[in-house]
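Here is a short briefing to read alongside your model. Please keep the sequence and the 3D view open as you go.

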Amino acid sequence: EFNYHPTKDLRIIGNVTFLDIDASNENFRKSAPEKAAALMLIKDFEDSYTLSTSIIRINDMAFLDVNNNITASGEDTGNYTIMDVRLSRSFRISDQDATLALTVKNLLNEYNGYNKNPQNGPELEENLTWFLELKIQAH
């Protein structure tokens, strides 16, 4: 892992993870990615704006059913990349610190989550999402 500040208003964070599951069940070993890498950039701008971007690359892994077996379809995630972006602005409201942020999750739309009500085992659905967040800190 590294955490680098090339300038006072720019931060770069990164890491690489290697995972080796020691399990007697071969399916458990296949149910998690062996490698993942992440990179995050955080840039502060004038007028209290901050832009952050994170990119995560994950190796494929198998889907297990409720009995811990690889699903009948043999489907796995494949290698995929997740990219999230967040733009925020800090300000004060009535002597309280506040932040307004727009976050976009899964910008590349490569990552698929589980369907909430699968009929025949795990079903994938694309999940590009965005949301607005207002946070007010009481002192």
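Asp95 is exposed, with a relative accessible area of 60%; the label exposed applies over 50%, buried applies under 20%, and partly exposed lies in between (1.4 Å probe, protein chains only). This is a predicted model, in which local features need pLDDT of at least 70 and side-chain atom pairs count only at pLDDT 80 or more, while totals for chains, interfaces and linings use all residues. Residues are numbered from 1 along each chain as its sequence is written, and side-chain values use heavy atoms, with hydrogens and water left out.

**Loop residues**

- Asp95 sits in the loop between S5 and S6, and its phi is near 65 degrees, a positive value in a residue other than glycine. Strands here are DSSP runs (E, at least two residues), numbered from the N terminus.
- Ser48 also has a phi near 65 degrees, a positive value in a residue other than glycine. You will find Ser48 in the loop between strand S3 (35–44) and strand S4 (49–58), where Ser48 is partly exposed at a relative accessible area of 40%.
- Glu110 belongs to the loop between S6 and strand S7 (112–114). Its C-alpha atom is separated by 6.1 Å from that of Thr81, although the two are 29 residues apart along the chain. Glu110 counts as partly exposed because its relative accessibility is 38%.

**Salt bridges**

- Side chains of opposite charge can pair when their charged atoms come close. A search of the whole structure finds 4 salt bridges, each defined as a side-chain nitrogen of Lys or Arg within 4 Å of a carboxyl oxygen of Asp or Glu.
- One of them joins Lys105 to Asp84, with the closest N and O atoms 3.0 Å apart. This pair links distant parts of the chain, as Lys105 is in strand S6 and Asp84 in strand S5, 21 residues apart.
- Are these two partners buried or exposed? Asp84 is buried, with a relative accessible area of 12%, whereas Lys105 is partly exposed at 33%.
- Arg86 forms a salt bridge with Glu133, the closest N and O atoms being 3.3 Å apart. Here too distant parts of the chain are linked: Arg86 is in strand S5 and Glu133 in strand S9, 47 residues apart. Arg86 is partly exposed at 26%, and Glu133 is partly exposed at 27%.
- Asp97 pairs with Arg92 in a salt bridge whose closest N and O atoms are 2.4 Å apart. Asp97 counts as partly exposed, since its relative accessibility is 28%.

- Strand S6 (96–105) and strand S9 (129–137) are the elements that give two or more residues to the patch, and S9 gives the most, with 4 residues.
- Ile93 lies in strand S5 (residues 80–93) and is partly exposed at 34% relative accessibility.
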